[in-house]
Amino acid sequence: MQRPLMRQAFTIVAHRSDGYLAGEGEPFRVSFRGPAASHPSLGDNRDGTYTCEWIAPVSGDYLVSVTLRSVPIWGSPFSVRVIENGASPTSSRLVTPGCMTLVAGELACFGVELCDGAGRVAALEPLELRTALRHTSAHASKDGEGSRVPLELTPSEEGGMATFCLTVAGSYTMHVNLRRKPLPGSPFKAEVIPDTACAAASCIEDVLGVGSRRLVVGEQSAFVLQTLDRHGNACVAGGAHVRASCSAAASRSSSTATPAPARCSVVDRRDGSYLVRVACFQSGAHVLELLLDGDHVRGSPLPLTASAAPLCPEM
């Protein structure tokens with residue numbers, strides 16, 4: 001077996017009919033048939049031997065023919081198998097499920113078996129992982145689309161384990177290449193789901209429906225809390241511990257007990273968003289606190305102003 005793109009050589013020994021070495025200048029011809037063209041060079045050593053040098057541009061099986069005056073010499077034709085230097089992309093393979101489900105920001109892995117052109121286990125060497133993001137969540141950027149992802153390859157019982165991390169939620173097509181050639185089993189699919197809701201990333205949206213912070217005493221107003229994970233992906237499931245409270249700004253600094261100036265309720269919409277309803281019972285400045293797992297979300301505490309409803313003119 002030979003290696004592609006490496007100069008190979010063999011020797012032709014010319015004999016006369018009586019068994020003695022022939023002289024120089026015999027018109028030998030050498031030709032190759034295989035997956036790619038090869039152009040051998042034949043040198044006369046002037047001692048009855050001839051050296052043929054050739055280079056196989058790609059791996060595969062080649063048939064070598066040597067003729068003398070259009071007649072094949074003894075042992076011709078013969079076959080030569082050319083294999084990759086190290087792991088062969090066509091002989092290696094990925095060990096992955098049909099579709100991987102990952103959590104954004106968490107390490108994920110898949111197995112890989114690297115073999116040479118003869119099917120023997122080869123040493124690990126760097127692989128390239130490229131991702132094509134097919135869909136994305138509404139609140140995540142698309143900077144992962146078509147990008148190269150760092151891949152760490154470590155030995156394992158199966159051959160090798162490739163570890164990587166994706167932070168943008170969405171549906172991916174994963175391309176794994178060895179020396180720019182895809183491995184069998186590539187591409188494969190991966191679904192990245194958002195991580196748990198994070199208070200520092202989550203934010204208040206559509207305050208009071210029109211972006212105003214003014215409330216009417218006695219009337220119920222509402223706004224939406226959209227939860228995001230720490231990577232900025234919009235959460236798509238509920239279940240987070242969200243708590244809302246509203247108090248008069250003056251009572252926050254006073255130790256005197258006062259009647260509750262407002263009432264709050266939180267409705268889990270089961271899609272990563274929460275409907276917060278607020279009703280104030282006295283006019284003046286109020287402060288709305290919105291906590292996720294005990295921490296303030298972005299925009300909290302939120303100052304609000306409650307005022308009495310305008311009087312209707314008498315007819």
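The structure is predicted, so local features are reported only at a pLDDT of at least 70, side-chain atom pairs count only at pLDDT 80 or more, and totals for chains, interfaces and linings use all residues. Residues are numbered from 1 along each chain as its sequence is written, and side-chain values rest on heavy atoms, with hydrogens and water left out.

Confidence was examined before the details. The pLDDT is the predictor's confidence in each residue, on a scale from 0 to 100. The protein chain averages a pLDDT of 84. In this chain, 87% of the residues score at least 70. Elements were taken from DSSP runs and numbered from the N terminus: helices are H or I runs of at least four residues, and strands are E runs of at least two. Among the elements of the chain, strand 25 (residues 295–296) has the highest mean pLDDT, at 95. Helix 1 (residues 249–252) has the lowest, at 64. Two stretches fall further down the scale. Over residues 136–145 the pLDDT is below 50. This stretch still has 22 contacts in the model beyond near neighbours in sequence; a contact means heavy atoms within 4.5 Å. Over residues 207–211 the pLDDT stays under 50 as well. There the model has 12 contacts beyond four places in sequence. Where pLDDT is low, the predicted coordinates should not be read in detail.

Attention then turned to a sheet. Strands of a sheet pair through backbone hydrogen bonds, either parallel or antiparallel. Here, two strands count as paired if DSSP finds at least two bridges between them. An open sheet of three strands has the order 1-4-3, and the pairing is antiparallel. Strand 1 (7–13) and strand 3 (41–44) stand at the edges. Each has a single partner strand, so one side of each is left without a neighbour in the sheet. From one strand to the next, the twist averages 20 degrees; the angles are taken between N-to-C directions of lines fitted to C-alpha atoms (for helices, over the stretch in contact) and run from 0 to 180 degrees. Strand 3 and strand 4 (residues 49–55) run antiparallel and are joined by four bridges. Within this pair, Leu-42 stands opposite Cys-52 in strand 4.

Several backbone sites were also noted. Most residues other than glycine have a negative phi, and most peptide bonds are trans. One runs from Ser-76 to Pro-77, with omega near 0 degrees. Pro-77 sits in the loop between strand 6 (71–72) and strand 7 (78–82). Another cis bond joins Ser-186 and Pro-187, with omega about 5 degrees. Pro-187 belongs to the loop between strand 16 (181–182) and strand 17 (188–193).

Positive phi values were found at two arginines. Arg-180 has a phi of about 70 degrees, although it is not a glycine. Arg-180 lies in the loop between strand 15 (170–178) and strand 16. Its relative accessible area is 80%, which makes Arg-180 exposed. Residues are called buried under 20% relative accessible area, exposed over 50% and partly exposed in between, with a 1.4 Å probe and protein chains only. For Arg-270, phi is near 65 degrees. Arg-270 is placed in the loop between strand 22 (262–268) and strand 23 (273–280). At 61% relative accessibility, Arg-270 is exposed.

Side chains of opposite charge can pair when their charged atoms come close. A salt bridge is a side-chain nitrogen of Lys or Arg within 4 Å of a carboxyl oxygen of Asp or Glu. The whole structure holds 11 salt bridges. One of the pairs is Arg-179 with Glu-125, at 2.5 Å from N to O. Arg-179 is in the loop between strand 15 and strand 16, while Glu-125 is in the loop between strand 10 (107–113) and strand 11 (128–136). These residues are 54 apart. Arg-179 is partly exposed, at 38% relative accessibility.

Arg-148 and Glu-128 meet at 3.5 Å. Arg-148 lies in strand 12 (residues 148–149) and Glu-128 in strand 11, so the pair ties together parts 20 residues apart in sequence. Arg-148 is exposed at 55%, whereas Glu-128 is buried at 17%. Arg-230 and Asp-195 form a salt bridge of 3.1 Å. Arg-230 is exposed at 52%, and Asp-195 is buried at 16%. Salt bridges with shared partners also join Glu-128, Arg-130 and Arg-148 into one network.
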